[in-house]
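Q: Hi! Could you walk me through this one while I have it open?

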Amino acid sequence: MSWLPQSVSGRIYASLLLILAPAPFFFEWINQPFYLDLLSRALILAIAAISLNLILGFGGMVSLGHAAYIGIGAYCVGIPSYYDYYNGWLHLGLALSVSASFALLTGAISLRTKGVYFIMITMAFSQMVFFILLSLEEYGADDGLVIYSRSEFPAWLSMDSSTSLYYWIFGLLLLSLFFIHRLVNARFGRVIVGSKFNEQRMQALGFNTYRYRLVCYVISAMICALAGMLLGNFAGFISPDMISWARSGELIFMVIIGGVGSFFGPLVGTIAFVLLEEFLSLITVYWHLIFGLMLIALVLFGKGGIHGWLSLLDRRGGGHG
Amino acid sequence: MVDNLLVIRGLNKHFGGIVATENVNLEVEKGLIHAIIGPNGAGKTTLIAQLSGQIRPDSGEIEFGGHDITGYSTARRAREGLARSFQITSVVMPMTLLQNVMLAVQGTSGHSFRFWAPVADDSEMEAAAMDSLAVVGLDDRADRIAANVSHGEQRQLEVAMALAMKPRMLLLDEPMAGMGKEEGAMMVETLNRLKGDMTILLVEHDMDAVFSLADRLSVLVNGHIIATDTVENIRNNAEVQKAYLGDSHA
Amino acid sequence: MDWSLLITQLLNGLQLGLLLFLLASGLTLIFGIMDFINLSHGSFYMIGAYFCGSVVAKSGSFLAGIIFGLAGMFAIGALVEWFIARKLYRADHLDHVLVTFGLILVFDTLVHLIWGAAGMAIPLPDALNGQITLGSLVFPVYRLLIIFSGLIVAAILFILVTRTRLGMLIRAGASNRTMVEALGININRLFLIVFALGAAMAGLAGMLIAPITEASIGMGNDIIIVAFVVVIVGGIGSVKGAFYAALILGLIDTMSRSYLDALLKLAMPVTYAETAAPALSAMLIYILMAAVLAFRPQGLFPPAGMK
């Protein structure tokens with residue numbers, strides 16, 4: 001059957017999705033709601049990591065400020081809720097439009113720069129959002145804001161129970177994976193990937209690479225804002241800390257653990273990150289040390305992340321994909 | 001009436017106190033292979049960069065197909081039909097030869113804000129790309145990764161990419177740079193195949209190749225064109241021999 | 001207008017600017033010469049403060065704390081360069097970001113392991129605890145000492161960079177790395193010295209501020225971002241640029257925090273002004289950086305000979 005994944009890594013990823021699909025029922029069955037929470041959080045962050053991977057992995061744009069869009073998405077739930085506007089479509093629409101506008105504005109400036117400068121300017125813009133939120137006394141400033149009720153959708157789309165919220169998350173995760181897969185393999189994606197490796201050549205071929213990159217940046221920001229919208233609903237609490245540059249650094253970390261520029265890499269990377277964080281912090285308060293050393297080792301020795309290691313299985317098995 | 005595709009008038013470019021291009025006037029006739037030769041440091045690379053839009057001239061104008069393109073970006077010039085190859089091989093290394101050439105087809109066939117349909121399923125685009133690969137004799141290696149083929153094949157790929165843009169004119173910057181004898185002969189053969197159908201502005205060091213290919217020659221010395229003529233006349237031009245052929249063919 | 005407040009704020013701005021310069025001068029040299037992004041430069045600032053605090057606690061001498069602290073930071077900087085940074089100079093910037101992000105986690109936790117989670121206060125000798133009164137102007141002696149020593153270090157660094165052979169190599173390295181390599185200089189040793197020197201200066205900044213703020217875990221993680229802004233605004237690789245940019249940003253930050261609301265009140269209703277002013281003053285330096293990157297990406301004072 002040709003529609004089945006041919007490669008070993010492809011089969012592992014497909015199995016992973018199949019395992020994730022019924023997770024709420026499984027955790028209910030073994031009576032462990034805590035694990036559903038953990039998994040929900042992991043998958044929300046995975047959506048953010050997947051969106052970052054679009055610009056970082058496929059487009060070669062290293063942003064150290066992507067957490068800003070998580071924050072924007074979350075505050076687009078929190079602020080309307082503060083005024084008793086709970087309509088989910090409003091939250092969704094705001095998250096997408098505010099993130100798109102902010103990405104368009106800041107991307108238009110950031111993408112005029114390259115390399116180190118791009119890293120720094122994206123970080124600077126996220127720090128700006130951080131400080132704006134920090135100074136908004138009305139919305140709790142650094143204490144943050146409690147969201148008392150989840151976004152309201154029609155009954156069949158409700159996210160009120162933890163199971164239904166999980167399927168919101170899982171559904172948006174699948175959609176983003178599928179959408180980015182189409183995007184990268186379509187004409188648009190070829191331009192983005194080509195520009196990562198050889199921008200000068202792409203321009204000589206007639207592509208206005210700046211415009212394509214800007215659109216790519218905006219799309220990535222919008223997907224990340226979806227993750228933020230989900231995170232606001234999931235946590236029921238938002239604060240400027242969601243945007244600090246350390247959060248953006250962690251997002252890059254998740255992408256790297258999984259494997260830059262692979263479709264499923266950020267998903268497995270984020271799950272690995274969240275699980276490690278959870279269990280290491282149970283073992284020792286000094287778990288950051290292990291984390292830091294892992295990160296250094298990963299860069300110095302472990303090129304390609306988890307996806308890279310799984311791809312080794314492909315080569316051994318002779319498959320392709 | 002001579003049909004000139006490219007006309008350069010009074011082009012000047014200085015870097016600080018250094019003159020890179022000085023009052024260059026040049027006309028490239030449609031359908032001909034027009035070669036530019038000159039000793040090292042004569043300003044050939046700077047001239048090419050100004051034609052392709054990477055560097056803006058200080059003064060002067062560049063007219064292509066009757067339009068003033070002096071203010072156009074590199075990308076816009078490419079879409080207008082001015083395709084170039086690079087002196088230092090410049091392809092997308094991790095992609096296959098076919099994918100590289102398909103990018104070239106894509107670059108000049110409308111915008112690429114298409115987010116859904118897979119490029120791999122686009123048989124029309126693939127066919128166009130395969131045609132260009134066939135012209136340079138790489139169609140049997142279309143699925144090889146660009147980084148893994150020989151230097152000569154990468155140079156051929158450069159030409160295939162330029163051709164795939166269906167340009168009105170090719171700007172070839174030392175297509176034979178770093179090539180062995182055999183690879184060079186293949187490139188000459190490829191360019192010979194294009195002769196008559198395609199207008200080509202060729203910058204090349206290999207004199208034998210230039211003399212066998214070019215319909216017309218311009219000699220660039222110190223940023224200035226000292227002569228433009230047929231190959232035969234340039235060979236016999238005393239001034240050119242003194243300025244150029246004399247010292248490099250010693 | 002309250003002139004003594006204005007002067008006090010100017011001195012505070014100067015103090016912040018000079019601390020930023022101590023951080024940014026090393027950062028900009030490491031950035032400019034090795035093309036290495038060191039996010040963990042702020043960890044040197046933190047570790048310096050803890051080093052100094054431990055020595056002060058043992059010996060009772062603040063001066064001894066500074067001297068041993070500087071030596072310790074020079075050693076730590078050299079070790080980080082030797083074991084980690086050196087392997088990454090040719091890697092891409094993403095790898096720099098990741099590894100030095102990992103280093104921040106490692107250093108923060110090590111400090112936690114060694115000194116505990118609580119902050120560490122550093123007592124000052126009585127002589128430095130007083131205040132200077134000039135008419136209505138009251139300013140702590142210690143803050144004047146920070147300004148004074150910041151200016152001294154800046155002067156020493158200028159002499160080092162402009163008058164010595166090492167400085168000549170550093171300047172050449174910042175603008176043209178290949179040239180220095182072509183001269184047959186031992187580039188590895190140059191890199192090691194620059195990195196260690198940068199760590200020592202960052203550590204000094206931490207030692208100087210700790211008696212005011214206490215040494216605490218993660219204390220460098222916010223100020224390092226501002227130091228990066230200084231580096232970008234000043235022009236990567238330029239010590240002079242870092243000096244001017246640090247002073248400008250230090251003054252802008254301090255002055256806008258105390259005067260921006262008054263200024264905004266002239267232009268808009270009081271309630272809006274009181275909401276907007278703190279947000280705007282916190283953002284001001286980032287807006288400045290974005291403007292510099294958009295219109296003058298090489299920075300305000302790029303090193304000579306740099307493209």
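This is a predicted model: local features need pLDDT of at least 70, side-chain atom pairs count only at pLDDT 80 or more; totals for chains, interfaces and linings use all residues.

Q: Good to know. Which chains have the most contacts between them?
A: Chains A and C do, among the two pairs of chains that touch. On one side there are 33 residues of chain C, and they are in contact with 35 residues of chain A.

Q: Which helices of chain C each supply at least two residues of the side that touches chain A?
A: Helix 4 (93-115), helix 10 (220-234) and helix 12 (270-295) of chain C. The largest share comes from helix 4 of chain C, with 16 residues.

Q: And what's the make-up of that side by class?
A: The side of chain C that touches chain A has 26 nonpolar residues, plus four polar and three charged.

Q: How far apart are the closest C-alpha atoms of chain B and chain C?
A: They lie 13 Å apart, and no contact joins chain B and chain C.

Q: Let's stay with chain C for a bit. How do helix 2 and helix 10 of chain C cross?
A: Helix 2 of chain C covers residues 41-59, and its axis comes within 8 Å of the axis of helix 10 of chain C, with a crossing of roughly 130 degrees. The two helices are therefore oblique to each other. As for handedness, the crossing of helix 2 and helix 10 of chain C is right-handed.

Q: Which residues meet there?
A: From helix 2 of chain C you have H41(C), G42(C), S43(C), Y45(C) and M46(C), and they meet G220(C), N221(C), I223(C), I224(C) and A227(C) in helix 10 of chain C. That contact divides into five nonpolar and five polar residues, with no charged ones.

Q: Where is the hairpin in chain C?
A: Strand 1 and strand 2 of chain C form it, with two residues between them. Strand 1 of chain C (residues 131-134) runs antiparallel to strand 2 of chain C (residues 137-140), and four bridges join them. For one of the pairs, look at L134(C), whose bridge partner in strand 2 of chain C is L137(C). In the turn, G135(C) has a positive phi of about 60 degrees.

Q: Switching to chain B: what domains does the assignment give?
A: Domain 1 of chain B takes in 1-81 + 168-250, and domain 2 of chain B is 91-167. Their C-alpha centres lie 25 Å apart. The contact takes 15 residues from domain 1 of chain B and 14 residues from domain 2 of chain B.

Q: What supplies the domain 1 side of chain B there?
A: Helix 2 (74-80), strand 7 (169-173) and helix 6 (181-194) of chain B each supply at least two residues. Helix 6 of chain B gives the largest share, five residues. By class, the side of domain 1 of chain B that touches domain 2 of chain B has seven nonpolar, four polar and four charged residues.

Q: What about the open sheet in chain B, in what order do its strands run?
A: The order is 2-1-4-5, four strands with antiparallel pairing. Strand 2 (18-29) and strand 5 (67-68) of chain B stand at the edges with a single partner strand each, so one side of each is left without a neighbour in the sheet.

Q: How many bridges join strand 1 and strand 4 of chain B?
A: Five, between strand 1 (residues 4-15) and strand 4 (residues 59-64) of chain B. In that pairing, I8(B) stands opposite I62(B).

Q: Last one: which strands does helix 1 of chain B lie across?
A: Helix 1 of chain B (residues 44-52) lies across strand 1, strand 2 and strand 4 of chain B, and it runs at about 60 degrees to strand 2 of chain B.

Methods
Residues are numbered from 1 along each chain as its sequence is written. Chains are lettered from A and ligands numbered from 1 in the order in which they are written. Two residues are in contact if their C-beta atoms, placed from the backbone, lie within 7 Å. Ala, Val, Leu, Ile, Met, Phe, Trp, Tyr, Cys and Pro count as nonpolar, Asp, Glu, Lys and Arg as charged, and the others, Gly among them, as polar. Domain bounds come from an automatic or database domain assignment. Axes are lines fitted to C-alpha atoms, for helices over the stretch in contact, and angles run from 0 to 180 degrees between N-to-C directions. Angles under 35 degrees count as roughly parallel, over 145 as roughly antiparallel, 65 to 115 as roughly perpendicular and the rest as oblique. A crossing is left-handed if the near helix is turned anticlockwise from the far one by less than a right angle, and right-handed if clockwise. Two strands pair if DSSP finds at least two bridges between them.
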